[in-house]
Structure formats: C-alpha cells, structure tokens
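The following note sets out points for a colleague who is examining the coordinates. The points are numbered so that each may be checked in turn.

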Amino acid sequence: MRGNNQKLKLLYLAKIMQEQTDDTHSLTMPQIIDELAKYGIDAQRKSVYDDLDALDDFGIEIIKERVGSKTVYYCGNRDFEIAELKFLVDAIQSSKFISEKKTKELIKKLEKSVSIYDAKLINREVKVAGRVKNMNESIYYTIDAIHSAMNENKAIQFKYFSWNLKGEEEFRRDGALYTVSPWALHFDDERYYLIAYDHDRGEMRHYRVDKMRNVSISDLKREGRDEATRQDKARLNEQYFRMNGGDVETVTLKCRNEMANVIIDQFGKDVKPRPIDKNYFKVKVDVAVSSQFLAWVVALRGDVRIIAPEWVKDEMEELLAEDFTE
C-alpha cells in the first residue's frame with residue numbers, strides 16, 4: 001500500500017538529494033529508496049530513476065557514477081559554491097548592524113543551500129576584534145518600509161534617538177515624529193544611512209537607520225526632488241558619512257607627496273592631485289566639514305593641511321585653540 005505522502009515523492013526526493021549528497025557524499029539506489037520510506041513513501045527503482053531524470057531536467061543536477069561494484073547518485077551544481085557561502089557567512093558574522101539572533105537565522109537559511117555536510121563547514125564563528133553586534137532587529141523592517149515608501153513616492157515618519165550616559169535610547173526633538181522624504185539608502189562603514197529631505201528643516205539630511213524607531217509610511221507625497229537631483233549622489237561618498245555630518249564643502253588640501261596613498265584610499269581614485277613643488281601636491285575633495293574631519297586632518301600631523309576655503313581654515317584654528325585637557 002502506498003504511503004500517504006506519495007504525491008510529495010518528487011519534492012522529498014529533491015530534498016534528500018540536496019541535503020544528503022554533494023561532490024564527496026553520494027547515495028546508492030537502495031539508500032535513496034530507504035530515505036524516501038522515512039517520509040512514508042513507497043518507491044520502486046524504475047520510478048526513482050524517472051524522478052531523478054526529472055529533477056535533472058528541472059535544473060537540479062543529478063550525477064550518476066560507478067564506484068566499484070555500486071552505482072551512486074549525488075547532487076552536482078548548486079546556486080552557491082561553498083567558498084561563496086563562507087564569504088557570505090563571514091560578512092554576516094562580522095557585520096555590526098546585524099543582531100546575534102538575526103545572524104544565526106540568516107546562516108541557517110544559507111545552510112539550506114548546501115548539503116548537511118557542507119553546512120557544517122559554513123556554520124563557523126568569525127572572531128572580529130572589537131566588533132559589537134547591533135541589538136536592533138527592527139532595522140530589517142525599517143529598510144523594507146523605506147524601500148516601499150520610495151516605490152510609492154511617499155514620505156515616512158519616525159522617531160530618532162541618541163544614546164545617553166546610561167546607555168538608554170533618548171529620543172531627539174522630545175520624541176516628536178520626524179517627517180522626511182526618502183531618496184536613497186547608503187551603506188558605509190557597516191552602517192545604513194538614509195538620505196532624505198527633512199520637511200521641517202527644508203533641506204537634505206542623512207540619518208542612521210539603526211537609530212530610527214516607529215517607522216511608518218505617510219500619506220504625504222515625497223518632497224525635495226529638486227534638492228535630491230541637485231545633490232550629486234556620487235559626492236555622497238564614504239567621507240560624507242564617516243565624517244558624521246556637517247555641511248558638504250569642496251575643500252582644498254595641501255599634502256606631502258607620500259600622502260597620495262592616504263588621500264586616494266580616503267577619497268577614491270577620482271581625486272585629481274596637482275603638483276605644487278617637488279615635495280607637495282594639492283587636491284580638492286568634497287567632505288562634510290565636521291569635528292571628525294578636522295580631527296582626521298590633525299591626526300596626520302602636518303602632512304595634510306587645509307588651504308581653502310577660509311571658513312574651513314577658521315574652523316580648524318578654533319579647534320586647535322581649544323583645551324582638551326582638564
């Protein structure tokens with residue numbers, strides 16, 4: 001008498017082959033029939049041969065080989081190579097914005113792409129010094145809401161917080177809702193940033209996605225299209241975000257020649273250094289002028305200096321005049 005799961009035979013066969021076989025692990029026909037029986041499926045050799053051919057035609061590569069006196073079968077090509085999956089697992093494990101719980105869930109899903117044997121190879125700990133995993137799992141739903149709002153040409157509303165001395169979330173603007181029009185998401189330095197037009201302030205701003213709470217899609221149409229168009233998104237490179245705010249300005253730097261590698265690493269290969277003399281060159285870069293940017297220049301101990309515009313030079317002089325000791 002046939003088992004109750006007979007109509008699911010082909011699906012269970014695909015599951016068995018994908019989970020239990022790979023390039024180094026195979027099953028004989030009697031073993032395949034035994035595995036199907038565990039699912040309540042009574043199978044005959046002839047029907048299994050036909051089903052394996054059907055799986056191969058569908059795109060699940062089934063390889064048949066002769067090993068000694070036995071004929072074995074195993075699943076060949078996969079959507080991902082094991083090296084690719086290891087790379088993805090490493091990226092997930094080392095990412096700061098993915099929580100521990102979500103990390104485990106994502107890796108479990110990736111494991112389903114390979115056999116149970118290869119799954120053991122990718123489920124490994126990646127130790128990264130000083131790496132703190134984000135505890136905010138709502139970031140996934142926030143990103144989804146932002147994409148939906150952009151597709152629907154709608155504004156969004158949310159609360160925005162900072163950490164206080166007690167390590168607690170403290171909402172800005174006394175907990176009032178921000179209303180912004182999202183125009184782009186930017187991933188930099190292992191964080192997501194939203195580029196959006198702030199309705200209250202009437203300007204383009206950026207927000208840390210992991211610090212947004214209670215995100216909802218508004219009935220309001222998006223605003224700030226002209227501002228978003230004028231603001232060349234290519235200029236919103238990693239420096240705009242890593243320097244953490246401030247007005248975006250074209251700054252001219254005077255640098256020692258040996259700083260060329262530092263400048264290109266920091267601002268990209270599109271910068272155009274121009275020689276000043278045999279020891280120095282100058283370069284114009286777009287940055288968000290903030291204390292972080294100025295501190296970066298200070299840390300280079302004179303090998304990089306600001307020569308324009310004047311207001312940025314004044315900002316640097318004010319910073320250097322401050323007393324940082326007590």
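**Electrostatics, cysteines and backbone geometry**

1. Asp50 is partly exposed, its relative accessible area being 38%. The model in which this value was computed is a predicted one. The partner of Asp50 is Lys46, and the two side chains form a salt bridge with an N to O distance of 2.9 Å. Lys46 itself is exposed, at 56% relative accessibility. Both residues belong to helix H3 (residues 45-58), where a spacing of four residues separates them by about one helical turn.

2. Asp198 is part of strand E7 (residues 191-198), whereas Arg173 sits in the loop between strand E5 (169-171) and strand E6 (178-188), so the contact ties together parts that are 25 residues apart in sequence.

3. Which residues are linked with Arg173 in a network of salt bridges? The network consists of Arg173, Asp198 and Asp200.

4. For the structure as a whole, the count of salt bridges comes to 13.

5. On the cysteines, how many disulfides does a search of the whole structure find? The search finds zero. Cys75 is buried, at 1% relative accessibility. Cys255 is also buried, with a relative accessible area of 0%.

6. A patch of negative charge lies on the surface and is made up of Asp23, Asp53, Asp56, Asp57, Glu61 and Glu65. Helix H3 supplies the largest share of this patch, namely three residues. Asp53 is located in helix H3 and is partly exposed, at 47% relative accessibility.

7. A surface patch of positive charge is formed by Lys272, Arg274, Lys282 and Lys284. Of its members, Lys282 is placed in strand E12 (residues 280-289). The relative accessibility of Lys282 is 38%, which makes this residue partly exposed.

8. Is Phe293 buried or exposed? Phe293 is buried, with a relative accessible area of 0%, and its place is in helix H11 (residues 291-299). Phe293 and Met316 are separated by 23 residues in sequence, and their C-alpha atoms are 9.7 Å apart in space.

9. Most residues other than glycine have a negative phi, and most peptide bonds are trans. The peptide bond from Ala308 to Pro309, however, is cis, with omega near -5°. Pro309 occupies the loop between strand E13 (304-308) and helix H12 (310-321).

10. Positive phi values are found at two asparagines considered here. Asn153 has phi near 60°, a positive value in a residue other than glycine. Asn153 lies in the loop between helix H7 (139-152) and strand E4 (154-163), and is partly exposed with a relative accessible area of 24%. Asn214 has a positive phi of about 55°, although this residue is not a glycine. Asn214 is located within strand E9 (residues 212-221) and is exposed, its relative accessible area being 54%.

Definitions and conventions:
Residues numbered from 1 in each chain as written. Predicted model: local features only at pLDDT ≥ 70, side-chain atom pairs only at ≥ 80, totals over all residues. Heavy atoms only, no water. Salt bridge = Lys/Arg side-chain N within 4 Å of Asp/Glu carboxyl O. Buried < 20%, exposed > 50% of the residue type's maximum accessible area, 1.4 Å probe, protein only. Disulfide = S-S within 2.5 Å. Patch = residues over 30% accessible without salt bridge, like charges linked within 9 Å, V, L, I, M, F, W, Y side chains within 5 Å. Areas by Shrake-Rupley, 256 points an atom, 1.4 Å probe, with all protein chains shown as cover. Lys, Arg positive; Asp, Glu negative; His and termini not counted. Charge placed at Lys NZ, Arg CZ, Asp CG, Glu CD.
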